[in-house]
Amino acid sequence: MKLTAQLNDQEHQVSIEKENSRVFAEINGRKYELEVSKPEADIYLLKFNNKIYEVFVSPQDESNDYQQVKVGAFDFKVKLIDPKRLRGTAAAAGADDGISEIKTAMPGKIVRILSAVGNQIKKGDGVIIVEAMKMQNEMKSPKDGTVKEIRFNEGETVNAGDVLAVIE
């Protein structure tokens, strides 16, 4: 996965590949191999060169694209940009008419369905939880609307890019 990270108003090119609990990252040409775990919400433990770093990532603020990231005594303001999603960003920022799909970013297993077909939901409401790499990810609605489809059942496996739910 290739991303652009804006860190304290500077841009950095980031490439990330995941393999089980290992993450292979390249940032501005420098390569890193990390072991990553998420012991609790918003807290990550990164093991690099036999040292463990605790990282706190603030929840995403709806009114702000940046997140606060704290590593030890250092605070950073970070915005991740996925070039593949830039085409959809303008449409999402405009009118909320039409259909939105919730897709997986990586292979995993459906752990829990939070919202049933026909439910009215708000932007940011949890719809489905996917477990990937031993971490549970709550997939949230990108807009206010109605759940029109849930395409998988609890316990089923999904592939990267699969459409999990449709919001209208």
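## Salt bridges

Arg-151 is partly exposed, with a relative accessible area of 41%. Partly exposed falls between buried, under 20% relative accessible area, and exposed, over 50% (1.4 Å probe, protein chains only). The side chain of Arg-151 forms a salt bridge with that of Glu-149, at 3.0 Å from N to O. Here a salt bridge means a side-chain nitrogen of Lys or Arg within 4 Å of a carboxyl oxygen of Asp or Glu. Glu-149 is also partly exposed, at 33% relative accessibility. Side chains of opposite charge can pair when their charged atoms come close.

By this rule the model has five salt bridges. Shared partners join Arg-22, Glu-33 and Glu-35 into one network.

## Basis of the model

This is a predicted model, in which local features need pLDDT of at least 70, side-chain atom pairs count only at pLDDT 80 or more, and totals for chains, interfaces and linings use all residues. Residues are numbered from 1 along each chain as its sequence is written, and side-chain values use heavy atoms, leaving out hydrogens and water.

Arg-22 pairs with Glu-33 in a salt bridge of 3.4 Å, N to O. Glu-33 sits in strand E4 (residues 30–40) and Arg-22 in strand E3 (residues 22–27), so this pair ties together parts eleven residues apart in sequence. Strands are DSSP runs of E, at least two residues long, and are numbered from the N terminus.

Arg-22 also meets Glu-35 in a salt bridge, again at 3.4 Å from N to O. That pair links distant parts of the chain: Glu-35 is in strand E4, Arg-22 in strand E3, 13 residues apart. How accessible are the partners? Arg-22 has a relative accessible area of 32% and is partly exposed. Glu-33 is partly exposed at 41% relative accessibility. Glu-35 is partly exposed at 30%.

## A four-strand sheet

Four strands form an open sheet in the order E13-E12-E10-E15, with antiparallel pairing. Strands E13 (135–140) and E15 (157–158) are the edges, each pairing on one side only. Two strands count as paired if DSSP finds at least two bridges between them.

Strand E10 (residues 108–113) runs antiparallel to strand E12 (residues 126–132), and four bridges join them. Lys-109 stands opposite Glu-131 in E12. Ile-113 stands opposite Ile-128 in E12. E10 also runs antiparallel to E15, joined by two bridges. There, Gly-108 has Val-158 of E15 as its bridge partner. In a regular strand the side chains alternate between the two faces of the sheet.

Asp-162 lies in the loop between E15 and strand E16 (163–167). Asp-162 counts as partly exposed because its relative accessibility is 22%. A polar atom of the Asp-162 side chain lies 2.7 Å from the backbone nitrogen of Asn-159.

Which residues does Asp-162 touch, not counting those up to four places away in sequence? They are Ile-102, Lys-103, Thr-104 and Phe-152. Contact here means heavy atoms within 4.5 Å. Ala-105 is 57 residues from Asp-162 in sequence, yet the two are 8.2 Å apart in space, C-alpha to C-alpha.

Key: Polar contact = N/O pair within 3.5 Å; in protein donor to acceptor, adjacent residues only side chain to side chain.
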